Amino acid sequence: MDFNSKEARAKRLEWFQYDRFGMFIHWGLYAIPARGEWVRYYEGIDDEHYEPYFHEFNPIHYDPRQWARIAKAAGMKYAVLTAKHHDGFCLFDSKYTDFKSTNTPCGKDLVREFLDAFRAEGLKVGLYYSLLDWHHPDYPDFDGIIHTKEWRAAHPRTGFDTYLTYMHNQIEELLTGYGKLDIMWFDYSYGEMRGEKWGASKIVEMVRKYQPDLLMDDRLEGAGGSVGSIATADPLPYSGDFMCPECLVPFECPRNETGEPIPWESGMTLNDHWGYASADNNYKTACDVVRDLSDCVSKNGNFILNVGPDALGRIPAQAARILGEVGEWLQINGDSIYGCCMAENMQYHDFGRYTKKGNKLYLHLYEKTNRPVRLAGILDRIERIRLLRDGSEVALLDPNSFHGPIYKQFPGDAFFFFGGRSEELPDPWDTVFEITLKAD
Ligand code: GLC
């Protein structure tokens with residue numbers, strides 16, 4: 001089977017592009033200093049000063065079923081957990097390192113418990129694995145930043161191949177020891193460190209051997225702000241299945257060099273950090289999240305929203321509350337997200353976005369307007385319009401009414417009035433109109 005063919009890629013992506021909305025979970029020792037997952041690097045915390053967190057780590061409130069329930073109630077359909085982040089700490093019981101959760105006071109294989117709990121709630125599951133490693137002595141680059149001279153003298157390098165073998169072994173452990181995984185999220189490439197430097201062909205061979213349906217992100221070649229061969233007409237086998245712009249929603253659906261849409265997923269923090277940051281209260285609102293989500297889908301993309309559980313294992317209450325509100329909106333308006341894609345040539349609307357599923361076109365109105373809402377170019381194709389939240393009729397403006405003649409100047413466009421001057425939209429963040437189109 002040619003795993004790299006267009007057909008095979010499209011098939012693998014089917015569930016993903018249906019589900020659209022996922023939860024990212026960044027969690028590890030860095031939840032204790034609580035200043036984000038890059039704290040060790042940014043603050044130059046050397047090995048001796050990071051080690052205490054390892055001896056302390058004991059998330060007594062870790063209850064992944066509770067996390068899974070929060071994700072599910074938010075309308076999320078999949079979740080990706082950091083099995084190892086850049087600090088090298090493993091949340092799984094790897095036989096290739098001692099630097100793992102089972103050796104902390106916590107004593108648990110946190111990855112296994114996460115996978116069991118999320119699968120039990122019917123969610124798809126993925127693991128994030130950092131290509132960078134600030135802990136492994138054979139990973140280049142971090143002397144003087146986090147490895148002191150003394151530490152280096154006591155841990156002489158044996159060569160990058162030693163690290164590669166370690167990394168490949170761990171990836172194999174994850175691919176073989178934890179049941180069916182739906183996503184592997186490798187992170188990330190930079191400078192010379194990309195593609196075959198990681199032994200990418202070998203990684204993708206393992207992936208396909210053990211987990212033929214698994215989706216991979218594109219960071220064996222790229223990063224949040226750069227993209228590899230997935231944007232070319234002939235993506236390499238390790239190009240990954242989807243692009244992953246970070247903390248932004250692109251202006252348009254990204255396309256490859258021949259103009260075809262590239263599958264993508266925008267990864268977004270809920271505040272300004274991925275890992276837990278106790279002083280960071282700069283949370284996005286549920287309105288921001290809902291609009292980002294519908295914006296992504298209107299451009300054919302997915303949205304994976306992050307939470308950073310704290311040192312004791314809890315998803316911060318404020319994050320959980322925001323997710324709950326998002327879930328309430330999705331309960332009512334989910335038909336305009338799940339299974340939906342971009343409406344060709346109709347992403348933007350003056351006051352919102354469009355999404356599409358079969359003969360249903362969904363208008364997501366973000367703003368109230370006193371003017372009639374204009375549906376450009378589809379007058380002849382409209383069978384009916386209903387408010388998605390309650391099925392109520394939305395009548396098109398009658399061309400024979402008092403204002404009608406003005407709108408006759410725009411042949412082919414349809415118009416409707418919605419709400420009065422002072423009324424709020426029924427879903428002020430995003431009110432969805434379901435436009436049923438006539439068969440072509
Ligand atoms: C970046 C960061 C990282 C985060 C990730 C999520 O590559 O290094 O901390 O895990 O993006 O997209």
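View 1. An oxygen atom of the ligand sits 3.3 Å from a side-chain N or O atom of Arg-219. Glu-246 also puts a polar side-chain atom 2.8 Å from a ligand oxygen, and for His-26 that distance is 2.5 Å. Here a polar contact is a pair of N or O atoms within 3.5 Å; within protein, one must be able to donate a hydrogen and the other to accept it, and residues adjacent in sequence count only if both atoms are side-chain atoms. The protein covers 95% of the 300 Å² of accessible area that the ligand has on its own (Shrake-Rupley method, 1.4 Å probe; for residues, only the protein chains shown count as cover).

This is a predicted model, with pLDDT of at least 70 needed for local features and 80 or more for side-chain atom pairs, while totals for chains, interfaces and linings use all residues. Residues are numbered from 1 along each chain as its sequence is written, and side-chain values use heavy atoms, with hydrogens and water left out.

**View 2. The shell around the ligand.** The residues around the ligand include Trp-38, His-85, His-86, Tyr-128, Trp-185 and Trp-274, where being near takes a heavy atom within 4 Å. Sorted by class, the shell has 5 nonpolar, 3 polar and 4 charged residues: Ala, Val, Leu, Ile, Met, Phe, Trp, Tyr, Cys and Pro count as nonpolar, Asp, Glu, Lys and Arg as charged, and the others, Gly among them, as polar.

**View 3. The parallel sheet.** Seven strands make an open sheet with parallel pairing, in the order S5-S4-S3-S2-S1-S7-S6. S5 (215-216) and S6 (264-268) are the edges, each with a single partner strand, so one side of each lacks a neighbour in the sheet. S1 (residues 21-25) and S2 (residues 78-84) pair over 4 bridges, and Ile-25 stands opposite Leu-81 in S2. Two strands pair if DSSP finds at least two bridges between them; helices (H or I, at least four residues) and strands (E, at least two) are DSSP runs, numbered from the N terminus.

**View 4. Two backbone details in loops.** Asp-187 and Tyr-188 are joined by a cis peptide bond, with omega about -10 degrees. Tyr-188 is in the loop between S4 (183-187) and helix H8 (200-210). Arg-20 is in the loop between helix H1 (6-19) and S1, and its phi is positive, near 70 degrees, in a residue other than glycine.

**View 5. The antiparallel sheet.** This open sheet has 5 strands in the order S8-S9-S10-S14-S12. S8 (348-349) and S12 (382-387) are the edge strands, pairing on one side only. S12 and S14 (residues 431-437) pair over 5 antiparallel bridges, with Ile-435 in S14 as bridge partner of Ile-385.
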